[in-house]
Amino acid sequence: MKSSRTHYATYLVVNLINVPLYMIAYYFLKNIQIPQLFSKNKFVLFGLSLIASSFVLYLVWRVNGILWIDKLRGYKTITFMSMVDYMTQSVQFYSPAMALLAWDSFYERQQEQARIHQLEKEKLNTELKFLKAQLNPHFLFNTLNNLYSFVVNGSPKAPDIILKLSGILDYVLYKSQKAFVPLVEEVEAIENFIALEQVRYGPRLEIEFNRSEALNASISPLLLLSVVENAFKHGASGDIDNPRIIIEINDNGESINCKVWNTKSAFIGEINDEYKEGIGLTNIKRQLDLVYPGRYNFDIEDTDDSFSISLQIPIEHD
């Protein structure tokens with residue numbers, strides 16, 4: 001038993017003495033040989049450097065062996081060098097170094113992937129916030145002008161306009177900063193928006209809004225409001241004889257369905273080209289791609305005198 005313990009103690013001491021040689025092999029391989037030679041396609045120099053460094057390490061190892069390690073191991077015949085010993089020790093020197101480099105590479109790759117994922121997430125969040133911020137400023141200016149007119153004339157409609165505008169601003173500036181909001185809040189904002197636009201256009205514009213009673217789902221904010229706003233922007237212009245907008249929103253428990261139909265200008269060419277692929281629709285599609293990638297249906301029906309958008313968004317159940 002005592003002899004066995006002595007053997008293990010000797011083995012431990014010998015390996016502890018060799019640890020600095022393993023560390024030197026690792027340092028040279030990681031900081032000099034791989035980045036300065038291998039990574040720059042200097043493969044011949046890389047191979048020669050491995051032979052040279054392993055030979056130097058082997059010489060140091062043999063000097064230690066001759067001075068006292070061979071005696072510690074109880075070797076009676078001491079040989080300074082042999083090719084077999086050189087090859088064996090070279091493998092022993094560089095095996096831990098290669099294992100550590102493999103771990104370093106794996107860890108650095110994991111860290112880089114995590115960093116890239118975080119950057120992409122931050123980029124998408126920033127882009128989404130930018131897209132959400134693009135509520136048409138003309139709507140605000142027109143509403144404020146109408147409000148000013150009603151206030152000056154002492155109209156009883158002024159307080160209601162202030163209340164509805166306040167509700168929209170609260171939703172757009174604060175509530176919409178969340179990733180998802182209750183569908184009922186999005187619909188309430190749409191109702192306020194429609195009411196203010198009805199004041200702006202008066203009886204000339206016919207608006208029909210149908211919604212389901214149950215609105216229990218959640219949705220990415222401002223998506224449906226952007227679809228509705230797009231219809232007013234292009235479907236209520238002054239050159240349309242009988243402008244009309246029909247809005248349908250329902251929650252069937254499996255998906256959120258929104259269909260918006262509007263009359264459009266009879267003019268063709270650049271106006272309609274911009275209408276079909278304008279900033280509003282591009283904005284909406286980009287938001288859908290960011291929040292519901294590959295999981296939504298967005299259909300456009302374009303005729304000579306009308307334009308409609310059908311949007312279907314799946315409800316994600318917990």
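I take a salt bridge to be a side-chain nitrogen of Lys or Arg within 4 Å of a carboxyl oxygen of Asp or Glu. I looked these up in a predicted model.

**Confidence.** I checked the pLDDT before anything else. The protein chain has a mean of 77, and 74% of its residues reach 70 or more. Residues 268-277 fall below 50, yet this stretch has 13 contacts in the model beyond near neighbours in sequence. Where pLDDT is low, the predicted coordinates should not be read in detail, and I left that stretch alone.

**Salt bridges.** I found seven in the structure. I noted some of them below.

**Asp 170 and Lys 175.** Their closest N and O atoms are 3.7 Å apart, and I logged the pair as a salt bridge. I read Asp 170 as partly exposed, at 32% relative accessibility. Lys 175 is also partly exposed, at 29%.

**Glu 197 and Arg 200.** I have this pair as a salt bridge with an N to O distance of 3.6 Å. Both sit in helix H6 (residues 183-201); they are three residues apart, so about one helical turn separates them. Glu 197 is buried, with a relative accessible area of 3%, whereas Arg 200 is partly exposed at 35%.

**Lys 264 and Asp 302.** I recorded 2.5 Å between the closest N and O atoms of this salt bridge. Lys 264 lies in the loop between strand E5 (255-263) and helix H8 (270-276), and Asp 302 in strand E6 (residues 297-302), so the pair ties together parts 38 residues apart in sequence. Lys 264 is buried because its relative accessibility is 8%, under the 20% limit. Asp 302 is partly exposed, at 32%.

Methods
Residues numbered from 1 in each chain as written. Predicted model: local features only at pLDDT ≥ 70, side-chain atom pairs only at ≥ 80, totals over all residues. Heavy atoms only, no water. pLDDT = per-residue confidence, 0-100. Contact = heavy atoms within 4.5 Å. Buried < 20%, exposed > 50% of the residue type's maximum accessible area, 1.4 Å probe, protein only. Helix = DSSP H or I, 4+ residues; strand = E, 2+ residues; numbered from the N terminus.
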